[in-house]
Amino acid sequence: IVYVCCADAQELQDLLWSLKFLDLNFNDQHKYKVLIFHENLGVAQRNLILANTRSKVTLHRVSWRIPAFLDADYVPRYMSRHNLCCAFKK
């Protein structure tokens, strides 16, 4: 199960609600791993996520950027960071 999240307060709250209902309605029984890709979550936010789910969660920091092989002038303005390719930060 995969989520994409930023440090926006509303998006974080939505993620917490989603994880709560994922646990209640599915994952308490099926025990799927949950991957959360994020760019700007701080330590407190990451700890809040981990404390509010019974699922096995792994958090992966990513960098949302336009890949070097694309010309930024030709990327449509409506493309959000969620639509772009990502590069893992080590």
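Analyst: In this predicted model, helices (H or I, at least four residues) and strands (E, at least two) are DSSP runs, numbered from the N terminus. Read in those terms, Lys31 belongs to the loop that lies between helix 1 and strand 2.

User: Why is Lys31 called exposed?

Analyst: The relative accessible area of Lys31 is 62%, and the term exposed applies over 50%, so Lys31 qualifies. Most residues other than glycine have a negative phi.

User: What makes strand 2 largely enclosed by the rest of the structure?

Analyst: Strand 2 covers residues 34–38, and four of its five residues are buried, a label that requires under 20% relative accessible area; therefore the strand is described as largely enclosed.

User: How do you know that strand 2 pairs with strand 1 and with strand 3?

Analyst: Pairing requires at least two bridges. Strand 1 (residues 2–5) is joined to strand 2 by four bridges, in parallel, while strand 2 and strand 3 (residues 57–64) share five bridges, also in the parallel sense, so both pairs meet the criterion. His38 of strand 2 stands opposite Cys5 and has Arg61 as its bridge partner in strand 3.

User: Which elements make the right-handed β-α-β unit that includes strand 1?

Analyst: The unit consists of strand 1, helix 1 (residues 9–30) and strand 2. From strand 2 the chain then crosses through helix 2 (residues 43–51) to strand 3, and this β-α-β crossover is right-handed.

Notes. Residues numbered from 1 in each chain as written. Predicted model: local features only at pLDDT ≥ 70, side-chain atom pairs only at ≥ 80, totals over all residues. Heavy atoms only, no water. Buried < 20%, exposed > 50% of the residue type's maximum accessible area, 1.4 Å probe, protein only. Right-handed = clockwise from strand over helix to strand, strands pointing away.
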